Amino acid sequence: RGLWAVEQPLRVGGLELGTRTTIVRLADGGLLVHSPGPFTAALRGEIEALGPVRALIAPNLLHHLFLAESASAFPRALVFAAPGLREKLGATRIDQVLAEAPPPLWANDLDQLVVRGAPGLNEVVFLHRASRTLICGDLCFNVRNSSSAFTRVFMRLNSAYGRFGPSRLFRYTVLKDAREMRASIDRILEWDFERVVVAHGEVLESDGSSALRRSFSWLSP
């Protein structure tokens, strides 16, 4: 209740990963759009029928492909972005940089945390308290099925097919400070959540906290 997902195809470097936009209804009846994707006129109409869009969120340094397009589609929405994205994008409108504390706009609905230790990603994760849902971008994958043979092979080689968790590529190229990452994961695990929404793959509907703990157990305490 008060939480929606928009799933769309996405092809990156030959990989057919798909992508997911998460929409949250805020306490004032407005909407927060996490990781906005391409919006057709029909989809925009469906979203606006749910309520006015108050915020667009680019949650890390990679999920910004449709940010400028989304800002134009919803000109009254404030644009929030992960630390470092404003410098990366330059001309794209970014109204506020996400920090450790949630802004007043969604402080009654969501907690948030900047995940440290992977500066090439700089992901900000969110907890939707009412539904006990952790909302992520690329911190974890949960790709269980794919019609693309190339995607299946690549993700298996990357230890990211048929399982929930970070990829091998994340562990060996994105991660730069294991201690900082461990501290961030431990803080996330203090939250009360059951479901985990990821940008790529299936939503993990149950046992999310235990799954996240297991998937990052390789990080030194």
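The model you have open is predicted.

**Salt bridges**

Side chains of opposite charge can pair when their charged atoms come close. Across the whole structure, a search turns up 12 salt bridges.

Start by selecting Asp 28 and Arg 54. They form a salt bridge whose closest N and O atoms are 3.2 Å apart. Asp 28 sits in the loop between strands E4 (19–25) and E5 (31–34), while Arg 54 belongs to strand E6 (residues 53–58), so the pair ties together parts that are 26 residues apart in sequence. Colour by accessibility if you like: Asp 28 is partly exposed at 46%, and Arg 54 is partly exposed at 32%.

Next, select Arg 195 and Glu 205. Here the closest N and O atoms of the salt bridge are 2.9 Å apart. Arg 195 is in strand E12 (residues 195–197) and Glu 205 in the loop between E12 and helix H7 (208–215), which puts them 10 residues apart. Arg 195 is partly exposed, with 24% relative accessibility; Glu 205 is partly exposed too, with 49%.

Now pick Asp 207 and Arg 214, a salt bridge with its closest N and O atoms 3.8 Å apart. Are these two residues buried, partly exposed or exposed? Asp 207, at 36%, is partly exposed, whereas Arg 214, at 52%, counts as exposed.

Then show Glu 100, Arg 116 and Arg 187 together: salt bridges with shared partners join them into one network.

**Aromatic rings**

Switch to the rings, where the count comes to 5 aromatic pairs. Select Trp 106 and Phe 126: their ring centres are 6.3 Å apart and their planes lie at 70°, so this pair is edge-to-face. Trp 106 is in the loop between strands E8 (96–97) and E9 (110–114), and Phe 126 is in strand E10 (residues 124–128), 20 residues apart. Trp 106 is buried, at 0% relative accessible area, and Phe 126 is buried at 1%.

Move on to Phe 170 and Phe 216. With centres 6.5 Å apart and planes at 80°, this pair is edge-to-face. Phe 170 lies in helix H5 (residues 168–174) and Phe 216 in the segment after H7, 46 residues apart. Both Phe 170 and Phe 216 are buried.

**Charges over rings**

Two last stops. Select Arg 44 with Phe 74: the charged end of Arg 44 sits over the ring, 5.7 Å from its centre. Finish at Trp 218, where Arg 171 lies over the face, 4.1 Å from the ring centre.

Technical notes. Residues numbered from 1 in each chain as written. Heavy atoms only, no water. Salt bridge = Lys/Arg side-chain N within 4 Å of Asp/Glu carboxyl O. Helix = DSSP H or I, 4+ residues; strand = E, 2+ residues; numbered from the N terminus. Buried < 20%, exposed > 50% of the residue type's maximum accessible area, 1.4 Å probe, protein only. Phe/Tyr/Trp six-rings, centres within 6.5 Å; stacked < 30°, edge-to-face > 60°. Lys NZ or Arg CZ within 6 Å of the ring centre and 35° of its normal.
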